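Please read the points below beside the model.

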Amino acid sequence: MKKITLIALLGLSIQLSNGQSTCATALPITAGTHIVDAVNGTEVPTPICADNGPGATAGKWYTYIPTQNYSLTITSDLQINSGKDTRFHVYIGSCGSLTCHAGDDDGGVIGNGYLSVDTFNVMAGTTYYIAWDNKWNGSGFTFQMTEGPYVAPIPTPVSYTNQTISTINSNYNICVVDMNGDHLDDIVGVNNNQIRIHKQNTVGGGFTVADYTTTAADHMPDWSIAAGDYNKDGFNDLLYGSGNGLTFMKSNSTGTAYTEDSPGQYIFCQRTNFVDINNDGNLDAFSCHDIAPNVYYINTGFGTFTSYQSGVTAGSLSLGTLSSGGNYASLWTDFDNDGDTDMFISKCSGPPCELHRNNGNGTYSDISAVAGINFTPVQSWSSAIADFDNDGDMDIMVGSNGSVGHRFFRNNLDTTNSTEEAYSDITAGSGLDTDTTTNRDYIAYDFDNDGFIDIMGSGSRILFNQGNNTFAPSTYSSIGIGAVGDLNNDGFLDILNGSTVRMAVPNGNNWFKVSLQGIQSNSNGIGARIEIHGAFGKQIRDVRSGEGFEFMSTLNTHFGIGTNTAITQVVIKWPSGTVDTINNPTINQTLHVVEGSTLSTDSFSSNTFSVYPVPAKNQLTITSNTNASLVSAEVYDLNGRKILDSKIENDTINVQSLATGTYIVLVNDVNGKRTTQKFTKE
């Protein structure tokens, strides 16, 4: 061990050291200021406790044993380090079995904002291992450790147990979504030429591992990943976003193979989404572009795409046109309750956040100024968006990833007119105003199933919604944002962090989940609005592909209802305009709804076509109500399976082969318009 020289400088205790290269030879230190000559040891911290994943090749290790309980702050966010880039991890346990306790990458505000700071509780007599790595830079720097008064943790509304699964070992374990069509959340890991899926078992819990070799991906999901069934074969496809462009991974018709397609456009890609931008029933793809106008891909309906750059490509939509970019995270949801999907973009490095309203006629308008969310300065990599006050519209929490704090906006939607009113800034007194932590990822889910949506961001904490537009933080041991889903089908949301699943321990609150199968709308029902009603009032959720900044979480819709024991009604408003209503569903279960399955068969006509006779026997006659030529029809059973695909000839299709029962017919006209109607076969 090298000798440590103590110098009294400006009243500070300065420890000059090289640190040590391994956990086993970590250098003991105490509170004070420490100088590191370089991060040039041979061991890299594992597991990763700070943001931005693996990639370091060297580390410096220290140990710290507090003499009493403290709130400890470790920071390199010092003026002397301005312009540098650091990252650190804090572990407990033993060198052969380390567990994350804290850590940070870009929590600083000095210089370029890439310095590190974290505050966390430590217990007397416990050994803490502190490891700095060279993920971004291996040059020397100075850091401080400060011991403050111990802050007793707030009791946690929900607790977690850690389940480490050694077979979760892909380069990118950042996706939780159903991949085999059983409506249970699976774990998706991605390598350059392989997708590894941990399929949740329907009986007995646990997972079955399946590996699928793919053609080599030109781009990996360094920044984000999205999932959705864009080719409508019943199996989810993937979208990888990197610093150079996008790669699509398209499933085959059995979900047993995936083919790579990289369109080739240069995109400094941040958040990716699947969303039906033009509402034609097919999923399109969207990518935030950090340094230029955003890029999106319109689905032709045959599983192929046409690329557009906003404001650049002829005929493109206005979906973020600033050449200075700064587009970090896009989130698509219905802000104005008019039945179509709008978009919010979190911005960093200059321009204000953007809210783009879907005008319902194939165009979008930037209403950021009208809504009052275009404040500056702003340093946000993502935002948490949900109906936090359960008043029936979507509110916005703009997350902080720099010197500018969080902002919390309440939606003031007035449904009696078509004008977008300004949102109210209700940050003051919300608990977000005093939260000085920063993070690049912010997500909104009801983690404790009490009926109010919570926020997860930085500092190993969940900000639990108190039901009155205020939030109270609960701290967990080294928990961090990851892909979210119900990975043991117990109705509580779990969190995937690397190879560790944070399994929520049920707290007695009741719950309800909805999975969707679109027919006229996209297969996943992305863009659908789901409402539940009961003695608790109303809760709403929108189905989204891609939230926060990096991860892809469940496409199943999750509600907590606390101690309430009944839901009186579920309403699904599909992107197509179809509305399904289910009365008095059973709670503590997953309800699977096929688009149009609750519609009456008593009505023989829709707005665009009529069917007869009902019930049908051998033939079903389909006639247009709009003078548009009807060209083909698809028939689905009430499980959402396509069982017949036929041309419409002489206004009829042959249904003789169908078994007796109720079906949904999807009719396509010559203009590409698709409409559904329910009918019975005798």
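How many residues lie between β44 and β45 in their hairpin, and which residue in the turn has a positive phi?

1. The hairpin of β44 and β45 has 5 residues between the two strands, and Gly577 in the turn has a positive phi of about 100°. This is a predicted model, in which local features need pLDDT of at least 70 and side-chain atom pairs count only at pLDDT 80 or more, while totals for chains, interfaces and linings use all residues. Residues are numbered from 1 along each chain as its sequence is written, and side-chain values use heavy atoms, with hydrogens and water left out.

2. Strand β44 (residues 569-573) runs antiparallel to β45 and is joined to it by 5 bridges; strands pair if DSSP finds at least two bridges between them. Strands are DSSP runs (E, at least two residues) numbered from the N terminus. Val571 has Thr581 of β45 opposite. In a regular strand the side chains alternate between the two faces of the sheet. Strand β45 (residues 579-583) has Asp580 and Ile582 on its covered face, and Val579, Thr581 and Asn583 on the uncovered one.

3. An open sheet is formed by 4 strands in the order β17-β18-β19-β20, with antiparallel pairing. β17 (224-228) and β20 (258-261) are the edge strands, each with a single partner, so one side of each has no neighbour in the sheet. From one strand to the next the twist averages 20°, with axes taken as lines fitted to C-alpha atoms and angles running from 0 to 180 degrees between N-to-C directions. Strand β19 (residues 246-251) is joined to β20 by 4 bridges, and Lys250 stands opposite Thr259 in β20.

4. Gly245 is in the loop between β18 (237-241) and β19. Gly245 is buried, at a relative accessible area of 0%; buried means under 20%, exposed over 50% and partly exposed in between, with a 1.4 Å probe and protein chains only. Neighbours within four places in sequence aside, Gly245 is in contact with His219, Tyr240, Gln265, Ile267 and Cys269, where contact means heavy atoms within 4.5 Å.

5. His406 is in the loop between β30 (395-398) and β31 (407-410). With 5% relative accessibility, His406 counts as buried. Beyond neighbours within four places in sequence, the contacts of His406 include Met397, Thr427, Asp435 and Tyr442.

6. The largest nonpolar core has 80 residues, and Tyr160, Leu238, Phe274, Phe447, Leu516 and Ile572 have the most contacts inside it. Such a core is a set of buried Ala, Val, Leu, Ile, Met, Phe, Trp, Tyr and Cys residues joined through side-chain atoms within 4.5 Å. Strand β13 (residues 172-177) gives this core its largest share, 5 residues. A second, separate core of 20 residues includes Tyr62, Phe88, Val122 and Trp132.

7. The count of aromatic pairs comes to 30. Rings of Phe, Tyr and Trp (its six-membered ring) pair if their centres lie within 6.5 Å; planes under 30 degrees apart are stacked, over 60 edge-to-face, and the rest tilted. Tyr445 and Phe447 make an edge-to-face pair, 6.0 Å centre to centre with 70° between the planes, and both residues are buried. One aromatic cluster consists of Tyr62, Phe88, Trp132, Phe141 and Phe143.

8. Two charge-over-ring placements follow. The charged end of Lys135 sits over the ring of Trp136, 5.0 Å from its centre, and Arg407 lies over the face of Phe375, 4.1 Å from the ring centre. The rule requires NZ of Lys or CZ of Arg within 6 Å of the ring centre and within 35 degrees of the ring normal.
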